[in-house]
Number of protein chains: 2
Amino acid sequence: MIEPAVYVILDRDAARGRDLEAILAAAIAGGARLIQLREKEWPSGTLLPLAARLRRRCRDAGVTFIVNDRVDLALACEADGVHLGQDDLPAAVARPLLRPGMILGRSTHSVEQALAAQAEGADYVAVGSMFPTSTKPDFQLVGPDLVRRVRPHVRVPLVGIGGITAANAGAVAAAGADGVAVISAVCGAPDPAAAVRELLAAVRAGRGTLTTPDPSL
Amino acid sequence: MIEPAVYVILDRDAARGRDLEAILAAAIAGGARLIQLREKEWPSGTLLPLAARLRRRCRDAGVTFIVNDRVDLALACEADGVHLGQDDLPAAVARPLLRPGMILGRSTHSVEQALAAQAEGADYVAVGSMFPTSTKPDFQLVGPDLVRRVRPHVRVPLVGIGGITAANAGAVAAAGADGVAVISAVCGAPDPAAAVRELLAAVRAGRGTLTTPDPSL
């Protein structure tokens, strides 16, 4: 069972030279219970020792650790799961490679993709981009409205992603998301622990204003 | 059992826009019995359909198909094996992820690395660079002399790699290599089938001049 209220994605670019392990420690101290390592450039042999260190720290804290894209690296470092974008391996191809019980998450950008992800057995679905973002500038901006439209049809945990900050996280939760996935808002924050705390508070406040969506809409 | 006399590495950059599947068909027609797909840029979801097509064509021809670096992709397309560079996952990490009987190949650039690869259970070892190459300009130039020095200590098949053409392949075989791994010499050739035939002839001629290395050296 994942706790996706604040899903912190560790990204070396967004960290701008700061140590990802230190950011992870701060994120956990701030209350994050779901972590992803996202690194598209490093060769796997370089990435593995970092992934193994982050994985160990998550395990010690009882926090879920997910690896982006690389199923082999997720297996190699004994991550809890893998997160697959629409350009990565299809869920139906990746699932048989995973160990039993491993989590498979999926990025989606439309109601159709979210429904397909659930049908393919995704354990959670990320929906984005919620807001304009520099991390993935080519991603379609769908806004919290897509969360609102996806929510009635998706039983698995659903997180918004893309350009989320403490200032707008509440709107994502109010639209029906179980949490927010963030990169820059934590990796680029002067105080990552405080950033997670503020995001958590915003998500909780947003949930309080959640109106049950009408599945017929 | 691999047949490494001419090991053709399919590389989109080296093919300069030409269809890799057509190059593969020509390479097989020319006599190649060992193929690798090497693609560092494409996301795995884009690469998988190509890998599956190449894999099918190799299977139909009874030719061995290896995927570079990505263990997950190799598993996903049911490749015969995976090739790991020094920057990729260590062999000891990758091996438990492979299905039984899958081939694990390793790039090496020194006697020490070749011995380590064999000790880690590599099924074949590539040694390079044999000659200056534009594909991996940062690779250390070791020359056929490294083949000569590695050969007495390595029981598994050994191929030279890096800058090999029909004009110099004989020297690599004469130094003790079981074959030559080539990228540009086939992917960039006007007639890839003819290029493979010429390389095969050069390797066979080079083997004829092979002097048994002295293990005490």
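Visitor: Where does Ser129(A) sit?

Guide: Ser129(A) lies in the loop between strand E6 (124-128) and helix H7 (144-150) of chain A. Helices (H or I, at least four residues) and strands (E, at least two) are DSSP runs, numbered from the N terminus. This is a predicted model: local features need pLDDT of at least 70, side-chain atom pairs count only at pLDDT 80 or more, and totals for chains, interfaces and linings use all residues. Residues are numbered from 1 along each chain as its sequence is written, chains are lettered from A and ligands numbered from 1 in the order written, and side-chain values use heavy atoms, with hydrogens and water left out.

Visitor: Cis or trans, the bond from Gly128(A) to Ser129(A)?

Guide: Cis, with omega near 0°. In chain B, the bond from Gly128(B) to Ser129(B) is cis, again with omega near 0°.

Visitor: What about phi of Glu78(A)?

Guide: It is near 55°, positive in a residue other than glycine. Most residues other than glycine have a negative phi. Glu78(A) is in the loop between helix H4 (71-76) and strand E4 (81-84) of chain A.

Visitor: And Asp69(B), buried or exposed?

Guide: Buried, at 9% relative accessibility. Buried means under 20% relative accessible area, exposed over 50%, partly exposed in between (1.4 Å probe, protein chains only). Asp69(B) has a positive phi of about 70°.

Visitor: New topic. How many residues of H2 in chain A are buried?

Guide: 8 of the 11 residues in H2 (20-30) of chain A. They include Leu20(A), Ile23(A) and Gly30(A). Just after H2(A), Gly31(A) takes a positive phi of about 120°.

Visitor: In chain B, how do H2(B) and H3(B) pack?

Guide: At an angle of about 15°, axes 10 Å apart. Axes are lines fitted to C-alpha atoms, for helices over the stretch in contact, and angles run from 0 to 180 degrees between N-to-C directions. The pair is therefore roughly parallel; angles under 35 degrees count as roughly parallel, over 145 as roughly antiparallel, 65 to 115 as roughly perpendicular and the rest as oblique.

Visitor: Which residues of H2(B) meet H3(B)?

Guide: Among them are Leu20(B), Leu24(B) and Ile28(B). Contact means heavy atoms within 4.5 Å.

Visitor: And H2(B) with H10(B), what's the geometry?

Guide: Their axes come within 7 Å and cross at roughly 35°. Ile23(B) and Ala27(B) are among the H2(B) residues at this contact, and Val196(B) and Leu200(B) among those of H10(B).
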